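Thanks for making time for this one. I would like to walk through a single chain, and I will give the cut-offs as each term comes up.

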Amino acid sequence: TPYARVGLEALAERAPDILIDTTRPAGAAGEAEQARAHWKRFGWIQRVEFLPQGILTLPGPDLAEATAQLRQAVEPR
């Protein structure tokens with residue numbers, strides 16, 4: 001497969017501080033809130049952040065922009 005698949009059990013074991021979801025298209029705010037509610041039902045998920053599809057997952061010239069968006073998403077609040 002082109003991307004690694006991580007099971008819920010593996011995520012639960014690692015209990016990440018932040019889950020980065022790149023499966024939503026840009027501007028899908030309503031869908032993002034539904035997805036956030038889905039992830040939050042697991043007690044080991046503390047924070048969910050969404051980044052636009054493609055910028056982090058597709059190779060291309062947008063590395064600097066992807067890095068800036070990722071940094072902004074994971075900065076402590």
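Predicted model: local features only at pLDDT ≥ 70, side-chain atom pairs only at ≥ 80, totals over all residues.

Let me start with the aromatic residues, where Trp39, Phe42 and Trp44 form one aromatic cluster. Residues are numbered from 1 along each chain as its sequence is written, and side-chain values use heavy atoms, with hydrogens and water left out.

A pair of aromatic rings is described by the distance of the centres and the angle of the planes. The rule here is that rings of Phe, Tyr and Trp, the last by its six-membered ring, pair if their centres lie within 6.5 Å, and planes under 30 degrees apart count as stacked, over 60 as edge-to-face and the rest as tilted. By that rule the count is two aromatic pairs. Trp39 and Phe42 have ring centres 6.2 Å apart and planes at 50°, so this pair is tilted. For Phe42 and Trp44 the centres are 5.2 Å apart and the planes are at 25°, so that pair is stacked. Trp39 and Phe42 are both buried, and so are both Phe42 and Trp44, where buried means under 20% relative accessible area, exposed over 50%, and partly exposed in between, with a 1.4 Å probe and protein chains only.

What is the overall layout of secondary structure along the chain? Read along the sequence, the pattern is α-β-α-β-α, which comes to three helices and two strands; helices (H or I, at least four residues) and strands (E, at least two) are DSSP runs, numbered from the N terminus. Of the 77 residues, 27% count as buried. The accessible surface comes to about 5800 Å², with 55% of it belonging to carbon and sulfur atoms, and these areas come from the Shrake-Rupley method with a 1.4 Å probe, where for residues only the protein chains shown count as cover. Contact means heavy atoms within 4.5 Å, and among the contacts with a separation of 6 or more, 63% are accounted for by residues 24 or more positions apart.

Which residues make up the largest nonpolar core? A nonpolar core is a set of buried Ala, Val, Leu, Ile, Met, Phe, Trp, Tyr and Cys residues joined through side-chain atoms within 4.5 Å, and the largest one has 10 residues in all: Leu11, Leu19, Ala32, Ala35, Trp39, Phe42, Trp44, Ile45, Val48 and Phe50. The elements giving two or more residues to this core are α2 and β2, and the largest share, three residues, comes from α2. Leu19, setting aside neighbours within four places in sequence, is in contact with Leu11, Trp39, Ile45, Arg47, Val48 and Glu49.

Those last contacts lead on to the charged residues. A salt bridge is a side-chain nitrogen of Lys or Arg within 4 Å of a carboxyl oxygen of Asp or Glu, and the count comes to three. Arg47 and Glu49 meet in one of them, at 3.0 Å from N to O; Arg47 counts as buried at 18% relative accessibility, and Glu49 counts as buried at 9%. Glu33 bridges to Arg36 with the closest N and O atoms 2.7 Å apart, and because these residues are three apart in helix α2, they are separated by about one helical turn. Glu33 is partly exposed at 48%, and Arg36 is partly exposed at 22%. Glu75 and Arg71 meet at 3.7 Å, N to O, with Glu75 partly exposed at 38% and Arg71 exposed at 59%.

Finally, two loop residues. Thr22 is in the loop between β1 (19-21) and α2 (29-40), and at 19% relative accessibility this residue counts as buried. Leaving aside neighbours within four places in sequence, Thr22 is in contact with Leu51, Pro52, Gln53, Leu56 and Thr57. Leu56 lies in the loop between β2 (48-50) and α3 (63-74) and counts as partly exposed at 33%. Together with Ile20, Leu70 and Val74, Leu56 forms a nonpolar patch on the surface with about 250 Å² of accessible area. Patches are made of residues with over 30% relative accessible area and no salt bridge, like charges being joined within 9 Å and nonpolar side chains (Val, Leu, Ile, Met, Phe, Trp, Tyr) within 5 Å.
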